[in-house]
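Here is a short report for a reader new to this structure. Look over the two chains first, then read on.

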Amino acid sequence: MTTARSLCLRSLSKSYMPGQNAVDGIDLDIRPGEFISFLGPSGSGKTTTLMMIAGFERPTAGEISIAGRQIDAVAPYDRNIGMVFQNYALFPHMSVAQNVGFPLRMRRTARAEADRKIATALAMVGLADFAGRAPKALSGGQQQRVALARALVFEPDLVLLDEPLGALDKTLREQMQVELKRIHRELGVTMIYVTHDQTEAMAMSDRIAVFNHGRIEQVGTPAEVYFAPRTRFVASFIGDSNLFDGRTGADGVVDLGPLGPIATGRRDLAPGQSVSVLVRPETIRISAQTPAASDERRLLTIEETVNYGDSFLVLGKSGGRDIRIRVPSIDMPDLPRGAQCAFDWTASRAHVIGA
Amino acid sequence: MTMSRSTLVLAVLVVVLLAGPMFIVVPMSFSTAPSLEFPPPGYWLGYYRRVFSDPNWTGPIINSFLIGLGTMVLSMLLGVPASFALARHQFRLRAVFRIIVLMPLIVPHIVMALGYYTYFGSLGLVQSMPGVILAHACLSIPVVVLTVTSALANFDRRVEQAAANLGARPLTTFRLITFPILRPAFLVAALFAFIHSFDETVIAIFISGRDSATLPRQMYNSFQMEADPAISAASSLLLAAVLAVIGARWAAALVKARSKPIGASP
């Protein structure tokens with residue numbers, strides 16, 4: 001349906017107040033047909049970046065280009081970029097079909113062709129029978145589908161989605177995630193998806209750009225940002241984490257102080273440096289057996305267990321450090337608060353951050 | 001929500017004080033008495049016939065309509081752009097500008113009337129319809145600005161961004177999106193501007209001359225000279241006009257709530 005084109009951001013900055021950059025020198029290449037998420041806490045610059053791509057905010061510095069064509073001077077209405085707004089931004093005085101047909105009307109598409117495209121777009125989002133309805137007569141999820149159809153119907157080069165599922169409840173959100181992925185697969189259009197929900201970004205993206213304080217801390221596949229975060233921020237923002245401070249020794253062994261040494265296998269690390277070691281809670285195993293005396297450093301005192309149904313989160317202390325452990329429910333031993341148990345981690349899954 | 005007894009008493013008192021005169025004036029307008037008298041000794045429509053046939057009354061009624069329409073157009077032409085400027089743009093002295101625009105709401109009409117009398121006198125605008133329209137527009141602009149800025153405050157600009165994103169140029173966005181969405185507010189503002197002029201008395205007495213006398217001015221004159229019961233008929237008509245405007249707004253809201261967008265395809 002669409003010939004997607006790649007988008008380039010070069011040292012893109014936006015400053016509302018002198019000396020304070022909402023977006024601070026972003027470089028990013030987005031591939032044709034890619035589904036990329038801008039993930040970050042509120043105020044991290046992800047929405048501002050999106051607004052600059054759409055043309056509603058003017059960059060203070062840097063440039064934006066689509067397929068090699070610089071678009072900084074191009075007005076929003078000439079950019080041919082589709083956008084789905086967080087609050088849908090449907091036109092309340094128009095029917096569903098009129099909303100979806102609006103971009104075609106602006107492009108003076110012939111009536112018959114427009115009608116056909118509207119019907120195709122509405123069918124794609126499962127709203128074929130709702131063409132004559134008023135937006136207000138639809139549920140939140142249905143309104144979001146109309147907004148999506150409206151952003152796709154004119155075959156834009158790029159589709160921007162600004163927290164489009166934020167207002168929906170959990171079940172509907174998951175359903176829409178699957179549907180959005182299907183539409184992305186079918187159309188092959190480049191999509192930029194802004195969200196602060198890390199599970200959503202993980203579930204949907206080809207790549208994730210993690211925003212913090214107006215900068216991109218890391219761009220990578222969901223697996224890369226999850227298992228090999230480049231910074232402490234990325235490690236703690238995406239997924240649940242244990243971050244331990246340590247000092248590198250010889251042969252990739254990091255000394256975690258009271259928690260003892262961990263053999264990370266990173267032989268490239270120079271000895272004597274301060275680093276952080278990320279151990280994901282689900283890579284730690286516990287056993288109810290009382291540990292042997294020699295194992296004392298891996299002794300965990302249980303402080304709290306939280307039952308999530310499919311798994312338990314065990315909060316405990318070892319050597320004065322807080323430890324978070326995720327245990328599948330079927331493997332969960334009976335551990336009352338205050339009990340002691342042994343734990344062990346897969347050192348090869350531990351990840352060293354910042355040398 | 002239940003109303004306490006004292007609140008109820010207060011509410012009834014307010015209604016009686018505000019609406020009381022209506023219950024005297026309206027029956028009097030149908031009275032057969034040769035002077036203002038309550039309760040009326042009998043009922044007929046003679047005074048309405050007089051109001052609609054005597055040039056002393058029909059002239060001012062037509063004048064009032066023309067001046068009201070002129071005021072409405074002028075206040076909308078000036079008030080709507082001013083509202084957009086105040087609601088959407090940051091500029092130097094914006095707060096001062098807002099106060100100046102809203103000033104006529106606070107300044108006593110008699111003070112403004114005196115000002116217009118002397119100022120328009122030297123401009124040759126006293127006793128002319130354009131003069132009254134100018135003066136009335138000054139009073140109506142704040143009403144328009146208050147109505148339209150409050151509508152703009154609730155207007156979600158992302159709808160305009162969506163239109164731009166989908167390929168609409170600014171003027172097209174205004175024509176197809178902003179204006180239709182704000183139409184009810186514009187309608188209310190225009191009607192209020194009209195009615196503000198239609199029942200304005202003080203300035204009309206000062207600067208509307210014989211030829212451009214408005215209905216309220218004629219009522220005042222007539223009352224001073226002869227206590228003509230036709231005044232009560234004119235008052236009732238004035239009241240009916242105001243009620244019609246409020247009723248129209250209510251009806252418009254009702255129609256809007258029930259109607260669906262017309263036509264399914266673009």
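Helices (H or I, at least four residues) and strands (E, at least two) are DSSP runs, numbered from the N terminus. From that end on, the elements of chain B run α-α-α-α-α-α-α-α-α-α-α. This is a predicted model, in which local features need pLDDT of at least 70, side-chain atom pairs count only at pLDDT 80 or more, and totals for chains, interfaces and linings use all residues. Residues are numbered from 1 along each chain as its sequence is written, and chains are lettered from A and ligands numbered from 1 in the order in which they are written.

**The two chains**

Some terms come first. A residue is buried if 20 or more other C-beta atoms lie within 10 Å of its own, exposed if 12 or fewer, and partly exposed in between; these C-beta atoms are placed from the backbone. Two residues are in contact if their C-beta atoms, placed from the backbone, lie within 7 Å.

| Chain | Elements | C-alpha box | Buried residues |
|---|---|---|---|
| Chain A | eight helices, 20 strands | roughly 80 × 45 × 35 Å | 41% of 355 residues |
| Chain B | 11 helices, zero strands | roughly 70 × 55 × 45 Å | 33% of 266 residues |

Now take contacts between residues at least 6 apart in sequence. In chain A, 64% of these join residues at least 24 apart. In chain B, 73% of these join residues at least 24 apart.

**A sheet in chain A**

Two strands pair if DSSP finds at least two bridges between them. Strands of a sheet pair through backbone hydrogen bonds, either parallel or antiparallel. In chain A, six strands form an open sheet with mixed pairing, in the order β6-β7-β8-β3-β9-β10. At its edges stand β6 (81-84) and β10 (215-220) of chain A. Each has a single partner strand, so one side of each is left without a neighbour in the sheet. Neighbouring strands of this sheet are turned by 20° against each other on average, direction ignored. Here axes are lines fitted to C-alpha atoms, and angles run from 0 to 180 degrees between N-to-C directions.

β6(A) and β7(A), residues 158-162, run parallel and are joined by four bridges. A:G82 stands opposite A:V159 in β7(A).

**Where the chains meet**

The contact takes 28 residues from chain A and 20 residues from chain B. On the side of chain B that touches chain A, α7 (158-165) and α8 (170-198) of chain B each supply at least two residues. The largest share of that side, six residues, comes from α7(B). Its residues divide into 11 nonpolar, five polar and four charged. Ala, Val, Leu, Ile, Met, Phe, Trp, Tyr, Cys and Pro count as nonpolar, Asp, Glu, Lys and Arg as charged, and the others, Gly among them, as polar.

**Two residues of chain B**

B:T178 is found in helix α8 of chain B. B:T178 counts as partly exposed because it has 18 C-beta neighbours inside 10 Å. Not counting residues up to four places away in sequence, B:T178 touches B:E160 and B:T173. The C-alpha atoms of B:T178 and B:P39 are separated by 53 Å, and the two are 139 residues apart along the chain.

B:S212 has its place in the loop between α9 (202-207) and α10 (215-226) of chain B. Is B:S212 buried or exposed? B:S212 is buried, with 23 other C-beta atoms within 10 Å. Leaving aside neighbours within four places in sequence, its contacts are B:N63, B:Q127, B:S128, B:M129 and B:V132. B:G131 lies 81 residues from B:S212 along the chain, yet their C-alpha atoms are separated by 9.7 Å.
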